[in-house]
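This report covers selected strand, helix and side-chain contacts of one structure. The sequence and model are shown first.

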Amino acid sequence: MSKNKAIKVVTAAVIAGSAITAVAPAQSEAATNSVDKAITKASNQITKAFNAYYKEAKYEGKLPSTTTIRKEAKLARDYYEAAKKEIAKNGGSTSKKATYTKKLDASKPALNRVENYVDAINVNIAAKKTAFEAAVKGGTQSKVLAAQEALDQKNAEFKKTVAKVFGPDARRLLLAKYATPADKLSATVDAEMAVYKAYRDIERKDLIEKDLAAAKKLIDKVEKQVAAIEKKNTKLAKNIMKAVKKNKAAYEAATANSKQLDAIVNKANNQMTKAFNAYYEEAKYEGKLPSTTTIRKEAKLARDYYEAAKEAIAKNGGSASYTKKLEANKVYLNRVENYVKAINVNVAAKKKAFEAAVKSGTQSKVLAAQEALDQKNAEFKAAVAKVFGPDARRLLLAKYAVPADKLSATVDAEMEVYKAYRQIEREDLIETDLAKAKELMDGVEEQVAKIENKNTKLAKNIMKAVERNKEAYDEKIGNTLPDLPSPTVTIAGQNAVNGTVDLSGSADSAKISEVTVAGAPANGEFVITSVKAVNRNIELIKSGANVTVSTGDGNFVVISSEILGQLDGGNDGVSLGTLRSILGGGDLVIRGYIKKSGYNNYNIETTIKLGAGVGSPVIQNEYFKIEKKGNNTAEVTVYTNKDVTLGTLANQGFDLPAILAATIFNDAGSADKVTAALLAITKGNKIELTKLSGLVNQTITLNGYTVTFKDAKK
């Protein structure tokens with residue numbers, strides 16, 4: 001042995017000896033009494049017990065017998081407890097007892113160490129090993145798994161206890177003797193248990209029926225372990241392989257079915273998408289609707305394929321994954337079926353019935369047909385509201401609902417009159433309630449004015465009832481209502497003579513700022529029914545869009561904006577030059593009547609002679625300015641901070657297409673062409689919905705004249 005190695009061995013021996021002898025009293029210190037004897041006896045036994053495992057492991061490389069170490073450890077504990085009692089009984093004073101106790105407890109660490117050793121060998125791994133081996137021999141997979149888990153758990157408990165044992169040699173030998181064999185024994189079925197747990201999950205979770213992908217993942221995960229056990233001749237391996245073969249066969253069959261199901265589900269999904277796109281993309285990208293035959297056919301195929309796919313899935317066990325895949329696309333089926341429900345609302349039949357009723361001229365049939373048409377159209381609009389896609393909804397309404405609304409509206413005036421006079425007759429109001437009869441007749445007077453000159457069978461039939469009931473009413477009251485006095489109408493400082501105010505000789509700078517009426521009844525109403533420029537057929541107040549002004553005390557004023565609308569432009573009147581230019585000169589006819597309860601209405605028709613037309617001055621209001629820039633060009637400045645629709649302007653008495661036609665394009669009859677040109681540059685469907693701002697930076701040309709629209713703020 002080399003010198004260095006000898007030194008290391010001696011050093012180790014010295015260190016070890018210090019650990020051993022530190023707990024033993026010097027033999028030279030002879031016990032002098034019973035307490036000393038008890039302490040010495042305990043200390044010696046503790047040292048003996050500790051060395052019984054520690055020295056055996058460290059210097060002999062082996063472990064003591066379990067019987068020996070348990071016996072020595074028990075004696076060490078017994079002697080230690082006996083010494084404690086002896087100190088308590090015969091140790092003398094408190095200070096002496098403390099001294100004795102300190103002397104005894106010097107051996108306590110060694111006692112703890114030997115008892116930790118005994119705790120470790122008392123963990124009964126052997127019983128779990130025996131149970132495990134029996135389970136493996138029995139070959140029942142679940143019992144083997146339970147026994148393996150119990151063995152592994154007990155071995156883990158043992159290892160944890162060994163970690164508390166003093167001395168690396170003892171710990172190493174304990175693990176080698178007990179833990180390692182247990183680990184090896186448990187590992188003998190690791191492959192079997194991995195396969196068993198994987199296939200147990202497949203069966204318990206019914207993965208072959210519900211989730212083939214998850215089943216495949218588990219099968220692939222233990223493929224190596226299956227290869228390791230499939231040739232084993234143990235009962236356990238054979239039992240597990242039965243489950244493997246059974247489930248693999250089921251998986252293969254399910255995979256074959258899944259391919260067929262894939263095809264069926266994909267076919268349904270593709271058709272549902274195709275049917276949806278047949279209307280949605282056509283509307284969105286082509287701006288049109290598919291033929292009703294095509295979309296009904298595609299929707300029916302989509303429904304048939306969807307139901308077939310559902311049935312196929314059900315026959316194959318109702319796979320959740322296929323159901324989920326199919327249902328994910330059902331939204332497209334719902335959407336196309338909503339579209340079909342809308343087009344299946346048969347508005348056309350009601351339109352046809354309505355037209356036939358109107359042709360017959362029978363009021364009751366027309367009313368019933370109109371109500372049926374309106375009801376069916378409302379049903380259609382409700383169905384359209386459920387259709388997915390704003391473009392499809394817009395096109396459906398434009399194709400079916402709007403024409404139906406317009407058709408129904410063609411007899412709105414007739415039906416209002418019919419219902420009023422029907423009520424008068426049904427309730428015999430001329431006999432029982434003249435005031436109510438008068439109220440109903442007055443309420444539809446405007447509608448009567450609209451239909452009295454119509455040449456339709458329906459209008460003529462209704463007018464017969466109107467005339468019949470009016471005659472009966474007049475006869476009933478005996479024509480006793482007094483007439484209203486004739487008022488004086490003054491415009492631009494001139495009184496009307498025989499209903500005419502001649503301003504043809506007035507300068508262009510002269511203004512019409514108001515109409516003064518004197519001598520009218522107090523607390524009555526002046527109803528202006530129309531204001532029309534004859535030369536260019538421009539209506540500043542359209543028939544039916546009445547303006548009503550209170551007569552006040554009998555002398556009242558109608559301001560220019562109430563008769564000239566937006567031509568006034570907020571400038572406190574309109575110059576004759578502007579009127580002559582826009583309206584083309586000639587006559588401006590104001591029609592209306594003054595009414596007051598208890599009197600016959602007084603009809604007023606005043607003709608303003610404007611004189612000859614002149615060149616185009618600037619036409620300006622709060623929304624825009626129109627001015628000619630040359631012989632064949634004009635410019636419209638749009639005040640976009642006060643943006644409005646052309647429909648709003650028309651309601652305020654300024655029909656922009658008509659004004660442009662008359663003043664810029666020099667053709668009052670070309671208003672429809674101007675409207676078409678405006679819609680073309682704004683890509684709109686309705687002129688009344690077109691905004692002024694939509695015309696900015698656009699140009700229209702007609703009759704050799706060009707108008708440019710530009711932006712400004714006011």
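## Hairpin and strand pairing

In this predicted model, β13 is joined to β14 by a hairpin of three residues. The two strands, β13 at residues 619-620 and β14 at residues 624-628, pair in the antiparallel sense over two bridges. Within this pairing, isoleucine 619 lies opposite isoleucine 626 of β14, and glutamine 620 lies opposite lysine 625 of β14.

Strand β14 also pairs with β15 (residues 633-639); these strands run antiparallel and are joined by five bridges. Here lysine 625 stands opposite threonine 637 in β15.

## The five-stranded sheet

These strands belong to an open sheet of five strands with mixed pairing, in the order β13-β14-β15-β17-β16. Its edges are β13 and β16 (699-702), each of which pairs on one side only. Helix α29, spanning residues 671-682, packs on the sheet and touches β16 and β17 (705-712). The direction of α29 makes about 150° with that of β16.

In a regular strand, side chains alternate between the two faces of the sheet.

## Packing of α17 and α18

Two packed helices are described by the angle between their axes and the distance between the axes. For α17 (residues 347-360) and α18 (residues 363-385), the angle is about 160° and the axes are 8 Å apart. Angles over 145 degrees count as roughly antiparallel, so α17 and α18 are roughly antiparallel to each other. Their crossing is left-handed.

On the α17 side, the contact is made by Val347, Lys350, Lys351, Ala353, Phe354, Ala357, Val358 and Ser360. They meet Lys365, Val366, Ala369, Gln370, Ala372, Leu373, Lys376, Asn377 and Phe380 of α18. By class, the residues of this contact comprise 10 nonpolar, three polar and four charged.

## Salt bridges

Side chains of opposite charge can pair when their charged atoms come close. Searching the whole structure gives 35 salt bridges. One of them is formed by lysine 48 and glutamate 72, whose closest N and O atoms are 3.6 Å apart.

Terms used
Residues numbered from 1 in each chain as written. Predicted model: local features only at pLDDT ≥ 70, side-chain atom pairs only at ≥ 80, totals over all residues. Heavy atoms only, no water. Axes fitted to C-alpha atoms, helices over the stretch in contact; angles between N-to-C directions. Helix = DSSP H or I, 4+ residues; strand = E, 2+ residues; numbered from the N terminus. Parallel < 35°, antiparallel > 145°, perpendicular 65-115°, else oblique. Left-handed = near helix turned anticlockwise from the far one by under 90°. Contact = heavy atoms within 4.5 Å. Nonpolar A, V, L, I, M, F, W, Y, C, P; charged D, E, K, R; others polar. Pairing = 2+ DSSP bridges. Salt bridge = Lys/Arg side-chain N within 4 Å of Asp/Glu carboxyl O.
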